[in-house]
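Please have the sequence and the model up while I talk.

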Amino acid sequence: MANLSLYCVSATLILDTDGNRILAKYYKPPHGSPANSTRTLHNLKEQRAFEKGLFDKTKKAGGDVILYDTYLVTYRHSLDLIFYFLAPPSENELMVSAGLQAFFDATQLLLRHSVEKRTMLENLDLVLLGLDETVDDGIILETDPATIAGRVSRPKADTTDIVLNEQTLLYAYNRVKEGVQQRISAAL
């Protein structure tokens with residue numbers, strides 16, 4: 001029987017090159033797990049142990065898709081970060097890999113091509129919003145990095161910046177003062 005569920009991502013992780021967690025989101029389908037379920041990671045201790053083992057397996061740059069502890073894992077190395085998407089082993093690895101690539105590319109756009117630990121921690125809000133635009137509760141929503149980045153960082157509306165300083169305020173005051181003087185003199 002084919003897996004017809006939209007819930008294809010079980011977790012999203014970003015670890016640094018020491019194996020420390022930068023970002024982790026674990027997803028569980030709201031209606032229960034599918035028939036071909038993977039091992040669930042309920043508490044922080046289990047998650048950290050899993051992440052340590054996963055990091056030990058993938059710390060050297062190499063392939064981009066592996067099977068690890070009942071999970072299909074797609075990962076991508078950056079300078080000092082490793083991005084992971086975890087899915088059940090029956091999922092389409094191309095779709096999971098496309099979701100990871102879209103999230104990685106959108107993160108590059110949001111961080112202005114400076115995908116490193118320090119920059120990520122300084123802009124974690126943008127990265128989390130980008131992740132939420134890419135994956136919602138385990139469902140891959142978008143695979144176009146420009147669209148994801150555009151939704152996260154909306155450009156300002158077509159407005160011009162109005163500069164208020166002492167000269168512009170003094171100019172406005174003098175204009176109003178002259179207008180009032182002209183009306184008073186015209187009324188007399």
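Phe-55 counts as buried, because its relative accessibility is 8%, and buried means under 20% relative accessible area, with exposed over 50% and partly exposed in between, using a 1.4 Å probe and protein chains only. This is a predicted model, where local features need pLDDT of at least 70, side-chain atom pairs count only at pLDDT 80 or more, and totals for chains, interfaces and linings use all residues. Residues are numbered from 1 along each chain as its sequence is written, and side-chain values use heavy atoms, with hydrogens and water left out.

Phe-55 sits in helix H1, residues 44-58; helices (H or I, at least four residues) and strands (E, at least two) are DSSP runs, numbered from the N terminus. Setting aside neighbours within four places in sequence, the contacts of Phe-55 include Leu-15, Ile-82 and Tyr-84, where contact means heavy atoms within 4.5 Å. Ile-82 is 27 residues from Phe-55 along the chain, and their C-alpha atoms are 8.7 Å apart.

Next, the hairpin. Strand S3 (residues 65-68) pairs with strand S4 (residues 71-77) in the antiparallel sense over four bridges; pairing requires that DSSP finds at least two bridges between the strands. Ile-66 has Val-73 of S4 as its bridge partner. Two residues lie between S3 and S4 in this hairpin, and Asp-69 in the turn has a positive phi of about 50 degrees.

Which residues of S3 are on the covered face, and which on the uncovered one? Ile-66 and Tyr-68 are on the covered face, Val-65 and Leu-67 on the uncovered one. In a regular strand, side chains alternate between the two faces of the sheet.
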